Amino acid sequence: MKKIEPTLTSGKSTKNIKRRKGKTGFGINILGFGSGGGAAVFEAHYLIIAGGGSGGHASGGAGAGGYRTSFGCGPEAGCTVQLSYEPGCYTIDVGAGASGGQGHGAKGSNSNISGTGICFSSTGGGNGGQAGGSGGGSGFHGGAAGTGNQGGYTPPEGNDGGPGSPGHGKPGGGGGAGGVGQPGNGNNKGGVGLTSNITGSCVTRASGGSGADANSGTNPAPAGGGGAGTGPAGSTGGSGSANTGGGGGDGGPTLGSGGNGGSGIVVIRFASNACISVSPGTNSVSSCVGPANDKVATFTVDGTLTVA
């Protein structure tokens, strides 16, 4: 699918207004369709996280799903601008986490927002040694780890995985949204996640899965939903947590199995004067969020956003 960069505005507040010809109201822009006015355009902040990659058997912790946001002004947001929504329906795809197993795991699925003037995505997390939103760590035999930010976005959507270490017999950790995966000659944990309060509560998401560690038995991942690596032969790595985009943990050697990747999430935060709804009912709209009483649409499964 061709990537379309939407026409965006600068600024940090959900009440910023896109400047087009026509009369402008508070929190919206009234398009000038002749003398009769026109439709409103709402600007909204976003957090879009793809599905995490899955672990394999001693092949490296999996990378977290790509993490893109406009909310806040840390490095991950980069003071990026908001997306603009005209009245209508928008398709929301929440990336699935990849299924773990023996072998080298698999890549997570992308998350997408698409509709009038918008085609916006984050990239699924990489599996063992493969590129993704964040890259997967490489196995205990060594070799290059997977690179992050496969989508080529600015600011980047993720980080590289850690390389495995043949000398230590330890795979590397998967990359996370907030940092690289640790190498096998270190603690081989997954990369750290990032914390956002776009929903009104601080939640850490998108950490990488940790590599297996035969010496410690279990190698927990950092906060953010990544799965733990396991060490004993034949053991199964921990799975990434749902709706965090966390990478799956690495399974033990000798027919071990990697953990599943965590599914992604899409959150869109509108000004209080927006009229929005979501489907299906698994998804939700929260009102009165933050000091400006914003409305927040949260998608934990594929669905539709309607802007009226």
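Student: How do you know how far to trust the chain as a whole?

Tutor: The mean pLDDT of the protein chain is 87, and 86% of its residues reach 70 or more. Over residues 1–36, however, the pLDDT is below 50, although this stretch has 92 contacts in the model beyond near neighbours in sequence. Where pLDDT is low, the predicted coordinates should not be read in detail.

Student: Why is Thr298 called buried?

Tutor: Buried means under 20% relative accessible area. Thr298 has 14%, so the term applies. Thr298 lies in strand S16, residues 294–299. Leaving aside neighbours within four places in sequence, its contacts include Thr199, Ile265 and Asn283.

Student: What makes the pair Arg269 and Asp294 a salt bridge?

Tutor: The rule asks for a side-chain nitrogen of Lys or Arg within 4 Å of a carboxyl oxygen of Asp or Glu. Here the N to O distance is 2.9 Å, so the pair meets the rule. By this rule the count comes to one salt bridge.

Student: Are Arg269 and Asp294 buried or exposed?

Tutor: The cut-off for buried is under 20%. Arg269 has a relative accessible area of 6%, so Arg269 is buried. Asp294 has 4%, so Asp294 is buried.

Student: Why is Ser279 called partly exposed?

Tutor: Partly exposed covers the range between the buried limit of 20% and the exposed limit of 50%. Ser279 has 33% relative accessibility and therefore counts as partly exposed. Ser279 lies in strand S14. Leaving aside neighbours within four places in sequence, Ser279 is in contact with Phe299, Asp302, Gly303 and Thr304.

Student: What makes S14 an edge strand?

Tutor: The open sheet has five strands in the order S8-S7-S6-S17-S14, with antiparallel pairing. Strand S14 (276–279) pairs on one side only, as does the other edge strand, S8 (118–122). The twist averages 15° from one strand to the next.

Key: Residues numbered from 1 in each chain as written. Predicted model: local features only at pLDDT ≥ 70, side-chain atom pairs only at ≥ 80, totals over all residues. Heavy atoms only, no water. Helix = DSSP H or I, 4+ residues; strand = E, 2+ residues; numbered from the N terminus. Buried < 20%, exposed > 50% of the residue type's maximum accessible area, 1.4 Å probe, protein only. Contact = heavy atoms within 4.5 Å. pLDDT = per-residue confidence, 0-100. Pairing = 2+ DSSP bridges. Axes fitted to C-alpha atoms, helices over the stretch in contact; angles between N-to-C directions.
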